[in-house]
Amino acid sequence: MNGKVGIITRTKNRPVLLKRAIESVIDQSYENWVMIIVNDGGDQIAVDNLVRHYEQGAKNRINVIHNEYSLGMEAASNIGIKAANAEYIAIHDDDDSWSPEFLAIAVAELKQAHASYPRIMGVITMAYIVYERIESQQAVIERVEEYNPEINTGLISLEASLIDPQFAPIQFLYRSETLADTGLYREDLPVLGDWEFNIRFLSKYDIFVIPQKLAFYHHRQHDLHSTYGNSIFARRERHEFFRQLLKNEWLRKDLESGATSISSMASRRPSPRPIASLQQDWAENGMEAVLAHLDKLSNRIAALEWRRRPIRNFLQLQRLWLKSGRPLHYLFRFIESVRRQGVAETMKTVKLWLDIQRSRPT
Amino acid sequence: MFAHLNPIYQKAVDQAELVSFDVFDTLIHRMVFRPVNVFNLLAKRLGSTDIALHHPRLVAELPLLREQCEMEARERHFRHFDTHEIALDDIYAALREAAGIDDDMSGQIMDAELLLEAAVVYPNPGMKALYEYALSKEKQVVLCSDMYLSAVQIKGLLEKAGISPPFELFVSGELKKSKHEGSMFELVREHFGIASDKIVHFGDNEHSDFVSPSTKGIQAHHFDLVQKHTEPRLRFPLSAAYAEPAVTGLIQGAIKNILLVDNEAHDFWFDIGAQVFGPLILGKFIWLANHLRYHPADKVLFFARDAALMHALYERYAGDFGVDIPGEYVYFSRATLLVPSFTELNLERLWHVFSGRANRTVKTHLSRLDINPHLVRREILEAGFSSENDLAPAGDLKMFDLLCRIYPLILQAASRRRDAVTGYVRQVAGDSSRIAMVDIGWVGNMQGSFSRLLQLSRTDVELTGYYYGTLESVSANYLPRNNFHSYLISESRPPNRAESLLNGGVELMEFFHTAQHGTTLGYENINGTIRPILENNPEDIEFQRLAARVQQGAMRFVQTVMPVVLSVGAENLVSTAWAEPFFRLVDNPSPEEAELLGDLTHSDAATDTRNRLPLAEKLDAGIARRKGAEYQAAYQQAYWKSAFKIRNR
């Protein structure tokens, strides 16, 4: 068990992606690992064939567990963890991948950090989101984008984690001994089980951030209803549902234990500071300054609710743009932003900008 | 032995019975531009003493205060004794009064001044030879000085400069007679009992050493070689006001010394080395040594090829600076280090492989990463190219898009290239846990690469890089246990200096630092020791030859000024002012500098030493005159913008 990494891969009928996941693990320069593939109710023959194909490179380090029927993602994780019997645990979903040096660096850095600060029991590396599509039995990469680039040094914030997940499972490696304190993954959660687990982990231990982009969090936006869809895109509504369910649960628990009270919660207001400071910057330095702020606030952008009035929004945006006095300038900025960070991120920026405009005193 | 003497002076000595010399700026010089710079250096020297701790204002204002006190003492003396001639004690009496300090402290400052005078003094070779010629002809020799120092003190300075008796020394401060007033010449005539027309006097001051003795019937020669022939050759403008007169005065003083004593200084390459690059590298060395004194390491690695000269300086002078960390010259190149270090996907670092000003095809770019373009045709087309033969100029976003699409192949290719260089990295790191590394700088890729490769086997090593400068994108190489220190610019700040470096400064600096060996191509294992394989590129050899001349000049500067630096205290001279002559060259070169240095070439991209482009190309006269699109394109491509404009105006 000394130094061994248990790599848990949950899969179900995605051989194209599973193939890449196996290659990602076999290519690791760090060789002391065991990969537990938990086939959660999917085609067993396809998985077995694939694993057999990599027999030579795997050197008996890949074990497959077939669930007769699907038990759910987190149940699959727990089955894998129990079977791994390893010093370190990493969840490597079937659709994600690592750089060949992920384990070498993550294990070494975790050892080093833990030796200096024993409360550090896990590390994450930085990651890229890889946007891809499946075509002719192959994942074709369309573009890459840094994932949460602002989380690039120091420790993961428990406070920020309570608002939103700070990292994806593919970025994370932790010491298995922590499971005795934290418990396993919650099997009743169909999504966001990793987030809930991370909160429990962070409430007892720290997670060190390795500022190297060694993990790849793959997204397939255009395969919404196929088996190759990403859970966060294909099941967006479920994510929102369970996010709130968990938050309510945590608060309820606090209220019951007396850690907080209903009146103290009632007296809370959303912090006006970010918007106020943006407004001030807008007034003093114009749009440039606001855009500069936005990069820093990118992890909060997702939390902002976009008013679902597309026609009204579009017209208002158009009016503001024409009134800006520098329509060409902003058009170029828009195009540049699309080229630099893609349509989705640019739209988030525009939406936030419109929200700020609406909240400005007229 | 005296064949190089000025024949007019020689003849004058032959005909005289008594030969008289002025002392300061004639027989001996001080290694500063103007005498007042000695006080600037004095303030620096006192900067790290208890005097500065208890009297910070006194030390900060000392240069001006010291000058004012001298004037005050002269005026006071004139009121009481009808003469302006004073002694050093009189000046320090005035200083005690002005600054409110006691005898002990003023004594310490005076002693420091005298020690500094001794450190900066050197002989004028021509005048020293004339003095020796006069002695060989058995002439009587007298030295006349209008000076506040005593005869004993001046004799000590002369002794230090290698000028020994027999001579008699007349000093105005003691005798209350001066050359300026002419009374000292009368005294000389009476003392030796020699008629005026049998006396010849040499000196640099037009009035005191020429007009005044001439009116007394003495044959006088105005020795103005320094002002007329040496000062005009200073590349560092004298008119500009500099924030650090101690350093700039010392630079100019040392250069005057070299111009006076060294015939090699007439070679352009040697001269530019002495006047521009010598101060630059010394400034960085002082800064580096000061850092290493306070932040010790187990070893200092000097990275090939740009740190070769710094390594030579380190081996020679580190001990004098109180640094006893072992130094080692190690062989890396961006070609051997950068790609294997892609342990992660870092697009900013990856982009450096594809930088460069020459247009290359997609196929050429991919070949640098050992990626077969035929295997990624779909990605090439989806990125917007029509084929692998399309040109992908620097900054082409299509190329960026393509790299993103094929990143897994890049990581695999990097992994394949890793073994040999990783072995060498481990070998040079040894068992050290604190490593300092020295290189020229910019985006920290060498340190980032070294650190990434070392990280695969060691996570207990703290690595600190010492650079001339780092650009903003150095942040792509910020890793745990890594520190970056910069001498001139840090993360592109201050912006004006960063601008200069990005518009020619980087390439000029890299030329100057070029080592006398080819770039590192790879490594071989010989009996368990990993050794570098070096390139043998004929074009590079010519480049190295020119760089060697520049380096000789730079080393001459360092050798010349080092005793003064050590005397003042290196920690007191940590300053970016040493780089002023360099920034002057980059921003405002002379036509000769633009012409000769503009023709130098620079390797176009980080991993390609064979494709070289001129620093500032000279265009066809017609194209330069029209200033059309071709001119604009060439201007954009030129590394050194200001020289390009001068060569093509």
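Keep in mind that the model is predicted.

**The sheet in chain B**

Chain B has an open sheet of five strands with parallel pairing, and the order is β5-β4-β1-β6-β7. Going from one strand to the next, the twist averages 20 degrees.

Take a look at β4 (residues 140-145) of chain B: four bridges link it to β5(B), and the two run parallel. Here B:Ser145 sits opposite B:Val171 of β5(B).

| Helix (chain B) | Strands touched (chain B) | Angle between directions |
|---|---|---|
| α11 (residues 183-192) | β1 (18-22), β4, β5 and β6 (199-203) | about 150 degrees with β5(B) |
| α12 (residues 206-215) | β1, β6 and β7 | about 160 degrees with β7(B) |

**Where chain B meets chain A**

Now for the interface. Chain B puts in 25 residues and chain A 27 residues. Together they bury about 2200 Å², with 50% of that on carbon and sulfur atoms.

What about charges? There are four salt bridges between chain B and chain A. B:Arg481 and A:Glu109 form a salt bridge through their side chains, at 2.6 Å from N to O.

On the chain B side, α20 (377-382), α21 (397-405), α22 (407-416) and α24 (445-455) each give at least two of the residues touching chain A. By type, that side of chain B splits into 11 nonpolar, five polar and nine charged residues.

Conventions
Residues are numbered from 1 along each chain as its sequence is written. Chains are lettered from A and ligands numbered from 1 in the order in which they are written. This is a predicted model: local features need pLDDT of at least 70, side-chain atom pairs count only at pLDDT 80 or more; totals for chains, interfaces and linings use all residues. Side-chain values use heavy atoms; hydrogens and water are left out. Two strands pair if DSSP finds at least two bridges between them. Axes are lines fitted to C-alpha atoms, for helices over the stretch in contact, and angles run from 0 to 180 degrees between N-to-C directions. Contact means heavy atoms within 4.5 Å. Buried area is the accessible area (1.4 Å probe) that two parts lose on being put together, summed over both. Ala, Val, Leu, Ile, Met, Phe, Trp, Tyr, Cys and Pro count as nonpolar, Asp, Glu, Lys and Arg as charged, and the others, Gly among them, as polar.
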